[in-house]
Amino acid sequence: MKRIFSGVQPTGNLHLGNYLGAIKNFVALQDDYDCIYCVVDMHAITVWQDPKELKAHTREVTAAYLAAGVDPKRCIIFNQSQVAEHAELAWIFNCVARLGWLNRMTQFKEKAGKHRENASVGLYAYPNLMAADILAYKATHVPVGEDQKQHLELTRDVAQKFNNDFGVELFPVPEPLIFGAATRVMSLRDGARKMSKSEPSNMSRINMTDTADDIAKKIRKATSDPELLPGAEVLDAAGALPEEARKARPEAHNLLGIYAALSDKPLRDVLEEFAGSQFSHFKAVLTDLAVAALGPMGHEMERLTADPASVDAVLRDGAERARAIAQPILAEVHDAVGFLRA
Ligand code: TYM
């Protein structure tokens, strides 16, 4: 059986990168897979979260899933802390994963920064909780943006080591699903940096709840370069964008990738359409497209967050269905590890 699991942290400022790299793909996958989409509040508290805001942000991510088109009848939508099996399995994985593996995680190094000694233990063990999220459901496929690739590698290592150590075939080795034209959306202010929730400048990202005016202003002011837009000749023989071409003109390729992803057109068609255009013309067309795609979603998110009871009902129902899958898997894990159920 093919089962999808993925999650988004409720840390505020949900942005176009979260939408194009993850949530838009969640919607596309629900027709063909059994899908579980989580709001990972336990991951969020690995760095400080104001408790009131955390609740609001949990509802906001849920609203984003629903507004984007994730169907709560076909999929399971819930917040992580309501299903205790995640924490329980994460502890067991703390005893399976090696310190050396976690020491290599680039996201910990980036997030902990210079004050490593001051980072929470949770931030360090974050990837083990992520492995637990996925494997508590024996998920086989995990749709994410490119920045989660290394964490997925660790999940695969944990699954293999667990099976190996305990001589079982309990966990599948899950595959990342990284697809679409915008698997790594960059900051609108600096094409070398990832669009991120934690970037202080609000002008660096398009938020999922931005108004049409905000979107227009941010795209108009997005950093560009002095050349005309490139054409399809920059693509390699397989039709992919080579890393050197992206690095040579990061801002242009970021905006072109966003256009391709939002319009569901192949990058080649977009490059052919805008080859030789001025940035000003392209930015105007991109603005119309972004407003048309994000505007209705933003309004729906607003409507849903004004009705927290309906959002909570989705999470309650999802948590119940999630528990029903995770509990028998945890029983298998206990048995494999040698925990006595007396
Ligand atoms: P988070 O909350 O940082 O991001 C949620 C999703 O959005 C993607 N993403 C991006 N994609 C393209 N361009 C960007 N600039 C961009 N920024 C973020 C992320 O890759 C992610 O898919 N560790 C995860 C949450 C998580 C999870 C899991 C994911 C916890 N458990 C289990 C999958 C499976 C995270 O921090 O995502």
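## Where the ligand sits

A nitrogen atom of the ligand is 3.1 Å from a polar backbone atom of Gly-17. That's a polar contact, meaning a pair of N or O atoms within 3.5 Å. Keep in mind that this is a predicted model, where local features need pLDDT of at least 70, side-chain atom pairs count only at pLDDT 80 or more, and totals for chains, interfaces and linings use all residues. Residues are numbered from 1 along each chain as its sequence is written, and side-chain values use heavy atoms, with hydrogens and water left out.

- Gln-148 puts a polar side-chain atom 3.0 Å from a nitrogen atom of the ligand.
- Met-195 uses its backbone instead: an N or O atom there lies 3.0 Å from a ligand nitrogen.
- On its own the ligand exposes 710 Å², and the protein buries 97% of that (Shrake-Rupley areas, 1.4 Å probe).

**The shell**
- Around the ligand there are 28 residues (a heavy atom within 4 Å), and the closest are Tyr-126, Asp-133, Asp-147, Val-185 and Lys-197.
- Sorted by class, that shell has twelve nonpolar, eleven polar (Gly counts here) and five charged residues (Asp, Glu, Lys and Arg).

**The whole chain**
- The protein chain has 14 helices (DSSP H or I, at least four residues) and five strands (E, at least two).
- Its radius of gyration, over C-alpha atoms, is 21 Å, close to the 20 Å from the globule rule (2.2 Å times the number of residues to the power 0.38) for 342 residues, so the chain is as compact as a globular protein of that length.

Conventions: A polar contact is a pair of N or O atoms within 3.5 Å; within protein, one must be able to donate a hydrogen and the other to accept it, and residues adjacent in sequence count only if both atoms are side-chain atoms.
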